[in-house]
Amino acid sequence: MLGTLENSIRVRPISSELSILGNCDGSARVKQGNSSVMVGIWGPVEVKQSKEDPEKCVIETTVKGATGQGSPLDKMYEEAVRQTCEQVVITSAHPRTCIQVIVQVESEDGAILAVMKNALCLALMDAGLPMRSMFAGVSCAQQENEELMWDPTAEEEEESTAQYTFVYENSRNNVIYVHCTGESTVEQYMLALQKSRQVATEVFGFYRESFEKLLRKDVKFQMLLPPIIKGEILEEPE
Amino acid sequence: MNLIRLSLAERKYIVESIEEDIRTDGRSCEDYRQIEIETRNLPNTNGSSRCKIGKTEVLVGVKAEVVDSDLHNPSIGKINISVDCSATASPHLAGRGSETMEQEVLSVLNLLYSSIDALNLTDLCIVKGESCWLLNIDVLFIQCGGNLFDAASFALKAALHSTTMPDVSVAGEGIEMELEISDDPYKVWKLNTSMCPICITLYQEGESFAVDLTEEESECSTGHIHVGVLPSGEVSAMEKSGAGNLEPIALLEMIDAAIRIGTDIHKQLHSHLLAESTTATL
Amino acid sequence: MADDFKIAQPKQYQRLFLKDEIRPDGRALTGCREVKIHVNAVSSALGSAMVCYGNTRVIAGIKGRFAEPTINNPNSGYLIPNMILPMTCNTKYRPGYPDDAGVAMSNKLNTLITDITDLMELCVVPGKVVWSLNLDVVCINDDGNVLDAAVLALSAALNNTWLPATRVMEETGRVLVDPEGERSRLELKFIPIAVTLSVFDDKTLPDPSEDEENIQSGSVTCCIDDQSKIRAMWSSANLSDDVISAALVYVQKRASVLLSVLRKVSKTS
Amino acid sequence: MDIVRAPYKRTRVIASQGEDLEQHIVTPGDVITQNLDFMKSHGTALSHDHICATVAGAVYKVDKLVSVKGVNNRYRGEIGDVVVGRITEVQQKKWKVDAGSRLDSQLQLTSVYLPGNISRRKTLNDELMMREYFTEGDLVVAEVADVGNVDGMLKLHMRSNKYGKLPEGVLIKVPSVLIKRSKLHFHRLPCNATVILGNNGFVWVGPHFSPDQPIEPFTLNSRETIARLCNVIKALAAYGVQLFDTIILTAYDISMKYKVKELLNAEVMEHVAQESYEHSLHQNL
């Protein structure tokens, strides 16, 4: 993707596939380097009465690691995925329903939380769920010489002194999720927060590209395009 | 795996169609859907493959590690298969819902590879009585659309075929023995998969039987047998499961069909894998 | 009447108070509940502490046992944190198996204390026996902000942990605790303090109560150590950079207050 | 025929039009317009004095109403739609029907014509007999009578003798946007088969049938026809071609040069879908 990043920021190639699973409402696979995550979304569907919420839809998340055996980290990832969904999805639009989010890690080589979030965003978009905004996950690792390294591999993460994962949304460019571990000063933290935003902007561009590709491929979309507005643009914002 | 419910009318139509030898998607009873196989798709493994049959999609990864030899079998390596059904196959399978199905597939795969000839395990021995290779084989179902057993066995064979094992050099002796695993990507050897069986599952439907059932069709079947077929056309393993009973004559007929279909798929699988490995090395 | 309104319209209820720059429990917007620390609350543990944040009450206890080290790190001991949220502390937790929230919190504690002490110090007989310290954190009552209380309790407990002296039996090679020997203090490289801010509408409220946690749109937890370094941060709220840097300033201030309390308590014990 | 193969990568793109696609595609969070005179509809929301998109898709504007249509939306339902569904639960005086919408749909006992085809008061006896009429798993065809205001739950009715339980046949699920809106949903095709295109994306293929009469016994030929129809519908749907009776028939004719089971091959599916699509474009011009 990428062309407008600062020279110091390097990320691994990112690729995506959309609508890969036939039996769910939305799905996506995102690969960043050797990390690959697949997300499937069911819903909104009817929910058991015991879990029903009369005002909004309930979000349930399951995260499965690459090895099959559960890891204690999965629970933390589940919490992270649910929190992001609740931030972004307009849950009041579908009361009394439930959305199931299934995250399957296919192979893991660093920046896994960011890859999860990116796959999650594309899958939510693919499912056509109403969202306040898109979001993009960016991981970076701070090395011993205080330099930042974006989209680290597992090895680079291991060697770093601090690891950050930020998730940005695109309507106000705010941060909606932070996961940071290791040791850093407030200044280093703020620097990472601000610089990572550039990567997020690139990821948003990548999302758009992925979607245009999907929509172009399908005649399905052609008929969605209303003939009335073909060639006519809505009012440009002043 | 009772996820879809069919009406009596649909069941009747499906079973009658199989008895008439023209199934709901136009195949005859002994026709397979197309089997899409690609290998080396997981970069962090020694060998891997993805197999798609209709909607069914399965991913297999092989990871090798050095372990201590077994006391009772000092001169052979080990394999360890694990089967996992991703919740992406269906939300009902999240949590413990998929365990029965995983167990069933695992037992069939273990049965296929329980015979010592299936994979030449002596190749996996590094130092007799000291250390050997352990192949950790992860089978992951991504989508389920019927005929999981066969898909898993095809993917497993393809993954083993694509597996490259690093060379190991041994220095010293006794307690001071040290193993050095080379990381040179060209100093590798491949497993001999010529005797790896594949599984052909035949499902009993009413009065007749069929292979490669779709999800809807498996809903209506009463019982099935798994036949492990070798490339030579010999039967290496067999298991009957599910409800229903079989006439001995029908059973013979089914085995006959399994061998016929199995050898054909073996042949095609072999040439496909060969073609793929040559393009990969180029 | 007020109670009905609170149950039916919790968010409106909260907004009415916030408009007047006050929180439902009488605190100022940036006010925190009273914090109490009581170290060595459990006499049978190597180190322990009880922490109260208003009605939230958490106990941390550290128990040591001998264990075999791993082959890769023959001289390193273990620190195993475990967060227990029993059903009795709040009705939202289910009985029986560990609650998801508890597992997620244990993970957070684990990442936080990875480097807290030199694990080599926990070595008893190199390659053979090391100390394995179980850091159990039990929530007695959950009235919001359990994570902060848990981190504070854990820090206070670790800061007051004394390892007993050991001796090795000549004949059998077994390791025993020597009750007469001099105990050694567990040296910490840093003392982490967690400060949570709850985000509601456009306000960030420190030290949320349970009612506030139920209606918040997200929260930020920042862990700062005694050298003012960020040790961990978990945030699930929609925040601009300005809000984050303002929050960090607040967190630093608050952490230094808590830290001085913790130091005072440790000294007197 | 080769069974084992490498995965098929779709290369050809059926659609070639839509050069000006970009300006109509929005992703969630994009500002559609700042002009608040517009009324917002599906797929849009008000945020910070802008009308923003909440789904990824195309902007749609009718007079002052703006909406964004996404690709994979669940079936929403409109009054008067004909839907095919599966009974999931028998409850007191009503059935629950899975019709692919967000919540299971409801079918009241009072809104069903019972055998005898007369609209009469339902007795306690009828209530006890509910499982005799429709039981769990049965496929039914019905009409949408009402759409719930808040949660969008569909209420169905069967007050016509064309609605009711479906006999032996095959159900195919396609995305609901692929069903072309039309007045006719029951298509008695000349190839001796009936196709019901439910607005909810559930397509039923089976023999000709009429209420209260047993269907003719199947022949090899009729089974083959049904299988062929199923396969071409799947092929068209896989490539996102909108479904209506003539395109299905066109595709059916085009597919005649292949054996039925060859229609399962990705290449053949693509070929059939492409040719039928081009053919239908031609006819429309």
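In the predicted model, buried residues account for 58% of the 238 residues of chain A. The secondary structure of this chain amounts to 5 helices and 9 strands, and their order along the sequence is β-β-β-β-α-β-α-β-β-α-β-β-α-α. When contacts in chain A between residues at least 6 apart in sequence are considered, 68% of them join residues at least 24 apart.

Within chain A, helix H2 spans residues 112-126. At 1.5 Å a residue, its 15 residues should span 21 Å, and the C-alpha atoms at its ends are 21 Å apart, in agreement with that expectation. Of the 15 residues of H2(A), 15 are buried, so the helix is largely enclosed by the rest of the structure. Just after H2(A), residue A:Gly128 adopts a positive phi of about 70°.

The arrangement of the chains was examined next. There are 4 pairs of chains in contact, and among these chains A and D share the most contacts. Chain B and chain C, by contrast, do not touch, their nearest C-alpha atoms being 13 Å apart. Chain C and chain D likewise do not touch, and in that pair the nearest C-alpha atoms are 14 Å apart.

The contact between chain B and chain A involves 15 residues from chain B and 16 residues from chain A. On the side of chain B that touches chain A, strand E4 (78-85) and strand E6 (131-143) of chain B each supply at least two residues. The largest share of this side, 3 residues, comes from E6(B). By residue class, the side of chain B that touches chain A divides into 6 nonpolar, 6 polar and 3 charged residues.

In chain D, the axes of helix H3 (residues 220-238) and helix H4 (residues 245-254) come within 9 Å and cross at roughly 110°. Because angles of 65 to 115 degrees count as roughly perpendicular, H3(D) is roughly perpendicular to H4(D). The crossing in which H3(D) passes H4(D) is right-handed. On H3(D), the residues that meet H4(D) are D:Arg228, D:Leu229, D:Val232, D:Ile233 and D:Leu236. Their counterparts in H4(D) are D:Ile247, D:Ile248, D:Ala251 and D:Tyr252. The residues of this contact of H3(D) with H4(D) comprise 8 nonpolar, no polar and 1 charged. An α-helix has 3.6 residues a turn, so residues three or four places apart point the same way.

Definitions and conventions:
Residues are numbered from 1 along each chain as its sequence is written. Chains are lettered from A and ligands numbered from 1 in the order in which they are written. This is a predicted model: local features need pLDDT of at least 70, side-chain atom pairs count only at pLDDT 80 or more; totals for chains, interfaces and linings use all residues. Axes are lines fitted to C-alpha atoms, for helices over the stretch in contact, and angles run from 0 to 180 degrees between N-to-C directions. Helices (H or I, at least four residues) and strands (E, at least two) are DSSP runs, numbered from the N terminus. Angles under 35 degrees count as roughly parallel, over 145 as roughly antiparallel, 65 to 115 as roughly perpendicular and the rest as oblique. A crossing is left-handed if the near helix is turned anticlockwise from the far one by less than a right angle, and right-handed if clockwise. Two residues are in contact if their C-beta atoms, placed from the backbone, lie within 7 Å. Ala, Val, Leu, Ile, Met, Phe, Trp, Tyr, Cys and Pro count as nonpolar, Asp, Glu, Lys and Arg as charged, and the others, Gly among them, as polar. The expected span of a helix is 1.5 Å times one less than its number of residues. A residue is buried if 20 or more other C-beta atoms lie within 10 Å of its own, exposed if 12 or fewer, and partly exposed in between; C-beta atoms are placed from the backbone.
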